[in-house]
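Here is a friendly briefing on how two chains come together. Take a look at the model first, and then we can walk through it.

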Amino acid sequence: MGIKIVLGIFLGIGVIFNCLGSLGLLRFPDVYTRLHASTKATTFGSIFTSLAVIVYSLSRWSSIGDSKFIVLALHTIIALIFLIITNPTGAHAIARAAHRSGVMPKRAVIDQLKEVKLK
Amino acid sequence: MNEFFKIFIIPGGLLLIFMLIALIRLILGPTTPDRVVALDTINTLVVAGMILVGAAYEEVIYIDVAIVYALLSYIGTLYVAKYLEGGPRE
C-alpha cells in the first residue's frame, strides 16, 4: 500500500511538469522562451516518471526476487542517464543555432552578443 | 495485468495528450527553430512514455528501445541544429 502512495506522488509530479512544459511550448511568444519552458520542465518531469519506475521495480525485486525486475531497474537507470546528458546539450545546440540563423527574441531591440562578436 | 497496470498506463496516456499539444506547435511554428524545439519535446515525451509502458507491461524490450530512441533523437537534434547554423563563416 505504501508503494502505491510513493508511485502516485512521483508520477503526479512528473505528469504535472510534463503538462506545464508542453503548455509553455504552446503559449510562449518566441523560440528562446519556448525552449526555456519545454526543455527544463520536460526533463524534470521525465526524471520523476523514470524514478517512479525505478522505485517500483526495485520494490518488486526485493519482495518477489524475480531477476526481471532488477534488469528493468538497471535499464531504466541507463535510459535516465542518457536523458539527463542529452537533453540540455541538445537544447543548447538549438539555442545557438537559432541565434546564429538570425531569430531574435520578441520585442528585442539590440543584440549585444552579435556586437561583441563584430569587435 | 496486475494491480500496478493502471498506475503506469494512465500517465502514459496523459503523456500522449501532451505530445499532441507539442504537435500543434510543430505544425503552427512560425520559424524553423520553433519546429525543432517542438520535435525535441516530443522525443523526450516519447522516451518517458516508453519507459512507463515498459513498466506497465513488465517488458524490458520497451526500455531498450527507449535508450536507442533517446540517442538517435539526440543525434537528429544536433544534426538539424548544425544545419541551421549554416556553413563556415569568415
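Leaving aside its neighbours within four places in sequence, which residues is V47(B) in contact with? They are S46(A), A79(A), L83(A), A66(B), Y69(B) and A70(B), where contact means that the C-beta atoms, placed from the backbone, lie within 7 Å.

This is a predicted model, in which local features need pLDDT of at least 70 and side-chain atom pairs count only at pLDDT 80 or more, while totals for chains, interfaces and linings use all residues. Residues are numbered from 1 along each chain as its sequence is written, chains are lettered from A and ligands numbered from 1 in the order in which they are written.

**Chain B by itself**
- Chain B has three helices and zero strands, following the pattern α-α-α along the sequence; helices (H or I, at least four residues) and strands (E, at least two) are DSSP runs, numbered from the N terminus.
- The C-alpha trace of chain B spans about 60 × 25 × 10 Å along its principal axes.
- Of the 90 residues in chain B, 43% are buried, meaning that 20 or more other C-beta atoms lie within 10 Å of a residue's own, with C-beta atoms placed from the backbone.

**Where the chains touch**
- On chain A, 43 residues are in contact with 40 residues of chain B.
- The elements giving two or more residues to this side of chain A are α1 (2-27), α2 (31-64) and α3 (67-100).
- The largest share, 17 residues, comes from α3(A).
- The residues on this side of chain A divide into 22 nonpolar, 17 polar and four charged; Ala, Val, Leu, Ile, Met, Phe, Trp, Tyr, Cys and Pro count as nonpolar, Asp, Glu, Lys and Arg as charged, and the others, Gly among them, as polar.

**The α3(A) and α2(B) pair**
- α3(A) and α2(B) pack at an angle of about 175°, with their axes 11 Å apart; axes are lines fitted to C-alpha atoms, for helices over the stretch in contact, and angles run from 0 to 180 degrees between N-to-C directions.
- The two helices are therefore roughly antiparallel, a label for angles over 145 degrees.
- Residues of α3(A) in this contact include A79(A) and L83(A), and those of α2(B) include V47(B) and I51(B).
- The residues of this contact divide into 12 nonpolar, four polar and one charged.

**The largest nonpolar core**
- This core has 52 residues, and among those touching the most other members are A79(A), V47(B) and A66(B); a nonpolar core is a set of buried Ala, Val, Leu, Ile, Met, Phe, Trp, Tyr and Cys residues joined through C-beta atoms within 7 Å.
- α2(B) gives the most to this core, with 12 residues.

Note on methods. Two residues are in contact if their C-beta atoms, placed from the backbone, lie within 7 Å. A residue is buried if 20 or more other C-beta atoms lie within 10 Å of its own, exposed if 12 or fewer, and partly exposed in between; C-beta atoms are placed from the backbone. Angles under 35 degrees count as roughly parallel, over 145 as roughly antiparallel, 65 to 115 as roughly perpendicular and the rest as oblique.
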